[in-house]
Amino acid sequence: GGKKVSEADLRPLFLQRLQQLLRKSSNGLYTLSVADIKVDVLASRISLHNVAVQPDEGNRASLQATGLLPASVFNISFQRLELEGVNLDDALTSKTMDYKLVRLVNPVIRIDRLQTKKNKEEAFTQRFLKELEKLSIKRLVIEGGKIVVTDKQKGSTKSLANVQVLMHDILLDSTTRNDKSRFLFAKEARIGFRNYHTTTKDGLYQFKIGDADVLATQKRVVLKNLSFTPTLSKKAFAEKQ
């Protein structure tokens, strides 16, 4: 409205917009909290520190009771989220978000898999596009990530450490929502992790991957330094068998 607004005034407005977008897109399942926000208007840059995306337990119970709880529930935290190429006026008032770079530093992503079949709830992307017409990110970078997946039905937990992600040309709008040629709406996506290991269900073998490189849009996986070795000595193995 022609009124001059300070950077300090913009911070709560921007956070409020993100919180509202997440809440409405997730059917009220998730909340967003941020310890600190730094805004550099001249550089078109925003930095969010100590960010957490967590399920609202009250709404989670309500969604579960009505059969609308998703098959997987996320709990995400990261030290820093950097956004570059931000037009703050558009970020607060328009129906589009366009970023040159989104960088997540040291995120910890915990996923609880509750069921194998997806329910028929309205898709997250469908609700998201009711709030925004377009989300565009030229480059998304994830550094030093950790992913922990807990399967509640099987009672198992798997984890990936040192996860690195690089995605180019992310576009979420009405034209790409069902585009099968993209991976999470990106034209190109590369995911890497190191030092993965797991033990077979009978406890007799350990499987290790030194390095993994997933070229998602090319549907190609490169694994290096693999091993499949017994966990017991030859004598102990024979006795157990």
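**Close-ups of a predicted model**

Arginine 103 counts as buried, with a relative accessibility of 19% (buried is under 20% relative accessible area, exposed over 50%, partly exposed in between, using a 1.4 Å probe and protein chains only). Everything here comes from a predicted model, where local features need pLDDT of at least 70 and side-chain atom pairs count only at pLDDT 80 or more, while totals for chains, interfaces and linings use all residues. Residues are numbered from 1 along each chain as its sequence is written, and side-chain values use heavy atoms, with hydrogens and water left out.

**View A. Arginine 103 pairs up with glutamate 143.** The two form a salt bridge whose closest N and O atoms sit 2.6 Å apart; the term stands for a side-chain nitrogen of Lys or Arg within 4 Å of a carboxyl oxygen of Asp or Glu. This pair links distant parts of the chain, 40 residues apart: arginine 103 is in strand β4 and glutamate 143 in strand β6. Strands, by the way, are DSSP runs of E with at least two residues, helices are runs of H or I with at least four, and both are numbered from the N terminus. Glutamate 143 is partly exposed at 29%.

**View B. Lysine 24 meets glutamate 131.** Their closest N and O atoms are 4.0 Å apart in this salt bridge. Lysine 24 belongs to helix α1 (residues 7-25) and glutamate 131 to helix α4 (residues 124-131), so the contact ties together parts that are 107 residues apart in sequence. Both partners are partly exposed: lysine 24 has a relative accessible area of 40%, and glutamate 131 has 24%.

**View C. Arginine 190 and aspartate 213 make another salt bridge.** Here the closest N and O atoms are 2.5 Å apart. Arginine 190 is in strand β8 and aspartate 213 in strand β9 (residues 205-215), so the pair connects parts 23 residues apart in sequence. Arginine 190 is partly exposed at 46%, and aspartate 213 is partly exposed too, at 22%. The whole structure holds nine salt bridges.

**View D. Asparagine 106 has a positive phi.** Most residues other than glycine have a negative phi. Asparagine 106 is not a glycine, yet its phi is about 55°. Look for asparagine 106 in the loop between β4 (96-105) and β5 (108-113), where it is partly exposed at 33% relative accessibility.

**View E. Asparagine 195 has a positive phi as well.** The value is about 55°, again without being a glycine. Asparagine 195 is found in strand β8 (residues 186-199), and it counts as exposed, with a relative accessible area of 53%.

**View F. Arg113, Lys154, Lys158 and Lys201 form a positive surface patch.** For patches, residues need over 30% relative accessible area and no salt bridge, with like charges joined within 9 Å and nonpolar side chains (Val, Leu, Ile, Met, Phe, Trp, Tyr) within 5 Å. Lys and Arg count as positive and Asp and Glu as negative, leaving out His and the chain ends, and each charge is placed at NZ of Lys, CZ of Arg, CG of Asp or CD of Glu. Areas come from the Shrake-Rupley method with a 1.4 Å probe; for residues, only the protein chains shown count as cover. Lysine 154 is in the loop between β6 (134-151) and β7 (156-172) and is exposed at 67%.
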